[in-house]
Amino acid sequence: MSAAPAVLHEVPIDLGDRAYPIVIGHGLLGAAGTWSGLPKASSAMVVTNTTVAPLYLRSLTEALKPHFRDVHQVTLPDGESHKDWQTLNLVFDALLSRHSDRKTVLFALGGGVVGDMTGFAAACYMRGVPFVQVPTTLLAQVDSSVGGKTAINHPLGKNMIGAFYQPVRVVCDLDTLDTLPAREFSAGLAEVIKYGPIADMEFLDWIEANLDALMRREPAAVAHAVRRSCEIKARVVAQDEREGGLRAILNFGHTFGHAIEAGLGYGEWLHGEAVGCGMAMGIELSRRLGLVDAAFAQRLTALLQRAQLPVRGPRLGEDRYLDLMRLDKKAEGGDIRFVVIEQPGRAAMRPAPEAMVREVLAHCTA
Ligand SMILES: NC(=O)c1ccc[n+]([C@@H]2O[C@H](COP(=O)([O-])OP(=O)(O)OC[C@H]3O[C@@H](n4cnc5c(N)ncnc54)[C@H](O)[C@@H]3O)[C@@H](O)[C@H]2O)c1
Ligand SMILES: O=C(O)C(=O)C[C@@H](O)[C@H](O)[C@H](O)COP(=O)(O)O
Ligand SMILES: [Zn+2]
């Protein structure tokens with residue numbers, strides 16, 4: 001499968017005594033050198049799922065063996081619909097049945113679902129044990145493994161039960177993306193595209209010029225997309241770890257997107273698909289608010305379409321969308337606050353008139 005181990009980039013995330021590196025490269029999963037600098041402990045627990053386990057669990061377990069006396073494993077059911085209490089408990093069952101102590105290091109091997117749940121388990125187990133993110137989807141490498149948001153879903157809302165809890169290291173082995181289905185790769189591109197309009201127009205230009213290479217998974221293009229995405233996210237999180245303000249820009253498209261995910265039932269649309277469509281709605285809202293012109297809204301929408309992402313939402317009904325969005329974590333006193341694009345490359349959080357939101361929903365649903 002993999003080339004010789006090679007670290008291409010190390011992106012630091014500057015969080016004082018909780019700082020950590022995001023290591024990006026090839027052949028890292030099975031390379032013992034990648035795992036130097038881990039906390040000292042007698043045991044590790046690799047958390048993964050039924051799809052990823054046959055692909056990468058053995059390789060990671062072998063690489064960890066020189067570092068820990070015991071390397072345990074727990075394999076969860078796959079899917080967003082399993083990002084819940086019942087599945088989280090499987091991690092605690094595994095930890096307790098192995099007599100795991102409070103130094104045990106958890107390794108999240110998989111996409112964002114495994115990553116968010118492992119991080120939350122690490123935050124809770126014995127009131128906190130260290131964890132390492134080993135993201136194996138594009139979405140997880142460019143976004144979910146970085147920044148310490150951990151959570152499970154509630155039937156009424158996405159990521160409603162969780163904690164801010166940082167990993168001690170993120171290891172992005174780009175080779176794992178070779179086995180990712182095309183639909184999942186496109187879902188990851190949604191979060192890559194997000195960084196352009198919110199923070200970096202040069203990056204948006206680069207994505208437009210290189211989208212075909214990205215979709216062909218040309219290694220240099222994928223490596224650049226992962227690196228630049230991580231740099232932008234690390235910069236934002238370092239300034240506002242707990243989303244007091246600035247960090248909310250990373251939520252562009254998510255107020256609409258999370259409503260789609262919860263409204264349809266988790267797993268019907270992928271997170272990245274819902275966010276892609278949510279960004280099409282968010283840019284339409286920004287246009288109606290007079291912040292960006294029609295040409296920019298069309299430019300972003302066309303890019304999402306080229307990435308094979310949906311730009312029209314399901315017909316849940318405007319009242320249902322609004323009900324779901326009132327539960328969004330950015331809402332205050334029942335008032336929904338949306339991340340809008342103030343000008344290309346700059347985002348902010350704002351309320352919007354309900355009538356206008358209804359117009360956007362009518363305009364952007366199938
Ligand atoms: N914490 C954060 O900051 C943050 C950011 C963005 C998204 N998220 C969360 O991340 C989740 C979405 O993550 P995702 O898109 O990675 O979905 P996912 O974790 O469900 O993974 C997608 C699918 O790909 C499979 N898979 C994973 N790696 C693979 C590989 N290398 N080859 C083949 N198949 C592979 C998985 O088993 C799954 O079926 C959502 O729950 C979302 O809320 C969190
Ligand atoms: O890291 C962040 O902050 C983000 O908002 C990144 C999002 O892509 C991600 O989906 C996040 O989990 C959403 O957070 P939530 O607070 O809206 O649940
Ligand atoms: Zn997201």
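In the predicted model, 15 residues of domain 1 are in contact with 16 residues of domain 2. On the domain 1 side of this contact, helix H4 and strand E8 (157-164) are the elements that contribute two or more residues. H4 supplies the largest share of that side, namely 4 residues. Sorted by class, the domain 1 side consists of 5 nonpolar, 6 polar and 4 charged residues. The domain assignment places domain 1 at residues 6-179, while domain 2 is made up of 182-214 + 242-364. Taken over C-alpha atoms, the centres of the two domains are 27 Å apart.

The average pLDDT of the chain is 97, and 99% of the residues score at least 70. For the complex, the predictor reports an ipTM of 0.99 together with a pTM of 0.98.

Ligand 1 is surrounded by 30 residues, of which the closest are Thr51, Gly111, Gly112, Thr137 and Ser144. Two or more residues of this shell come from each of the helices H3 (112-124), H4 (138-144), H5 (182-199) and H9 (271-288). Domain 1 and domain 2 each provide at least three residues to the shell around ligand 1. Its composition by class is 9 nonpolar, 14 polar and 7 charged residues.

The shell around ligand 2 is formed by Asp143, Gly147, Lys149, Lys158, Asn159, Glu191, Glu243, Arg247, Leu250, Asn251, His254 and Lys329. Of these residues, 7 are charged, 4 are polar and 1 is nonpolar.

By class, the contact of H5 with H6 contains 10 nonpolar residues, 1 polar residue and no charged residues.

Definitions and conventions:
Residues are numbered from 1 along each chain as its sequence is written. Chains are lettered from A and ligands numbered from 1 in the order in which they are written. This is a predicted model: local features need pLDDT of at least 70, side-chain atom pairs count only at pLDDT 80 or more; totals for chains, interfaces and linings use all residues. A residue is near a molecule or strand if its C-beta atom, placed from the backbone, lies within 6 Å of it. Ala, Val, Leu, Ile, Met, Phe, Trp, Tyr, Cys and Pro count as nonpolar, Asp, Glu, Lys and Arg as charged, and the others, Gly among them, as polar. Domain bounds come from an automatic or database domain assignment. pLDDT is the predictor's confidence in each residue, from 0 to 100. Two residues are in contact if their C-beta atoms, placed from the backbone, lie within 7 Å.
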